[in-house]
Amino acid sequence: MTVVTTQPAQLATQTPLSFRKNVAVLRADQLAAFRRAVAASMAVSDDRGWQHWAGLHGLPLPMYCQHHTPLFLPWHRAYLYYLELTLKEHEITATLPWWDWSAPLSHTEGLPAAYTADTGPDEAPNPLAGADINDLAQQQGGPDSPAHTSRQPDALNRLPTPANVQQLLALGDFFDFQQQLEQVHDNMHVWVGGTMQEIPFAAYDPIFFAHHAMIDRLWRLWQLRHPTAVLPDNLLNEALPPFNITVWQTLSVTALGYDYASFSSRAQVGG
Ligand SMILES: [Cu+2]
């Protein structure tokens, strides 16, 4: 049983933490910067761009994502981390916002307005509303593959509640927590509907990353709640291809250079 407290040198040299924020409280300039970063990513056609990064999760082959395996949370943490770095190349302040689908606002508005508006305040198309899906992914997905992402949200009263979240955070064992969190995660993919419920294409939709930032945040909150919980050594040493990182290197978000704003600084919520 080991508690990992040290981090590899290349990760420990990160400078100031960058804070992921609740999408509901993003200031207009923060949302605009994030949208510019996503739009810029979508305009890049090589392996630094949106199509490449969305494709790592599902199609085109190989499909790297880990679902219903012990690597679900670590793999997706690495995935969001590296995608966020590519967005920072366009906008240094850009961070992945999270969508708290359990919050009262979500129970009245559903999908976050930042992701559903057709245009931003500048009248430019809103890149968070959806994305194209490249030809290769469509070919490999067969004749019913979508050419563009879509959503078909379910009823508001079927969203998870704060009580559901508290039940998850109270679980003491990592594997129990991960398994039950993944179930809620699965339900949310189905709740959003459309492309989000098809694993091969889900990550093309920008809402995927707001949903997964919430999942990653809940893992962070769970880690803070259960500081003595440990993962087995054999799991810690697992690689997370295609990322050059192991499970134990994903355990500390602050070593990776980011954190979640609401519990780090109350002042940031509502700011
Ligand atoms: Cu997912």
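**Exercise 1. A histidine in a loop**

Is histidine 68 buried or exposed? Find this residue in the predicted model and describe its surroundings and backbone.

*Solution.* Start with the location: histidine 68 belongs to the loop between α3 and α4. Next, look at the accessibility. Exposed means over 50% relative accessible area, and histidine 68 has 56% relative accessibility, so histidine 68 counts as exposed. Finally, turn to the backbone. The phi of histidine 68 is near 55°, a positive value in a residue other than glycine. To put that in context, most residues other than glycine have a negative phi.

**Exercise 2. Two cis bonds**

*Solution.* Begin with proline 60, which is placed in the loop between α3 and α4. Leucine 59 and proline 60 are joined by a cis peptide bond, with omega about 0°. Then move along to proline 62, which also lies in the loop between α3 and α4. The bond from leucine 61 to proline 62 is cis, and its omega is near -5°. As background, most peptide bonds are trans.

**Exercise 3. Checking a helix**

What should the 15 residues of helix α2 span at 1.5 Å a residue? Compare this with the model, then see what the helix packs against.

*Solution.* The expected span is 1.5 Å times one less than the number of residues. For helix α2 (residues 28–42), this means the 15 residues should span 21 Å, and the end C-alpha atoms are 21 Å apart, which agrees. Now pick out the buried residues of α2: Gln30, Leu31, Ala33, Phe34, Arg35, Ala37, Val38 and Ser41. These buried residues pack against α3, α4 (72–88) and α6.

**Exercise 4. Aromatic rings**

How many aromatic pairs does the count come to? Take two of the pairs and work out their geometry.

*Solution.* The count comes to 17 aromatic pairs. Consider tryptophan 50 and phenylalanine 209. Planes over 60 degrees apart count as edge-to-face; here the planes are at 70° and the ring centres are 5.4 Å apart, so the pair is edge-to-face. This pair links distant parts of the chain: tryptophan 50 is in helix α3 (residues 50–57) and phenylalanine 209 in helix α10 (residues 207–225), 159 residues apart. Tryptophan 50 is buried, with a relative accessible area of 3%, and phenylalanine 209 is buried, with a relative accessible area of 3%.

Now try tyrosine 81 and tyrosine 82. Their pair is edge-to-face, with 4.9 Å centre to centre and 70° between the planes. Both of these tyrosines are buried.

**Exercise 5. Arginines over rings**

Which ring does the charged end of arginine 20 sit over? Find what arginine 77 does, too.

*Solution.* The charged end of arginine 20 sits over the ring of tyrosine 258, 3.8 Å from its centre. Arginine 77 lies over the face of tryptophan 219, at 3.8 Å from the ring centre.

**Exercise 6. The copper ion**

Which residues are the protein donors of the copper ion? Identify them and follow their spacing.

*Solution.* The donors are His185, His189 and His212, each through NE2, and they lie 1.9 to 2.1 Å from the copper ion. Along the sequence, these donor residues are spaced H-x3-H-x22-H. Histidine 189 is in helix α9 (residues 174–192) and histidine 212 in helix α10, 23 residues apart, so the pair links distant parts of the chain. Both histidine 189 and histidine 212 are buried.

Technical notes
Residues are numbered from 1 along each chain as its sequence is written. This is a predicted model: local features need pLDDT of at least 70, side-chain atom pairs count only at pLDDT 80 or more; totals for chains, interfaces and linings use all residues. Side-chain values use heavy atoms; hydrogens and water are left out. Rings of Phe, Tyr and Trp (its six-membered ring) pair if their centres lie within 6.5 Å; planes under 30 degrees apart count as stacked, over 60 as edge-to-face and the rest as tilted. Helices (H or I, at least four residues) and strands (E, at least two) are DSSP runs, numbered from the N terminus. Buried means under 20% relative accessible area, exposed over 50%, partly exposed in between (1.4 Å probe, protein chains only). A charge sits over a ring if NZ of Lys or CZ of Arg is within 6 Å of the ring centre and within 35 degrees of the ring normal. Donors are N, O and S atoms within 2.8 Å of the metal (3.2 Å for Na, K and Ca); water is not among the atoms, so sites may look incomplete. Contact means heavy atoms within 4.5 Å.
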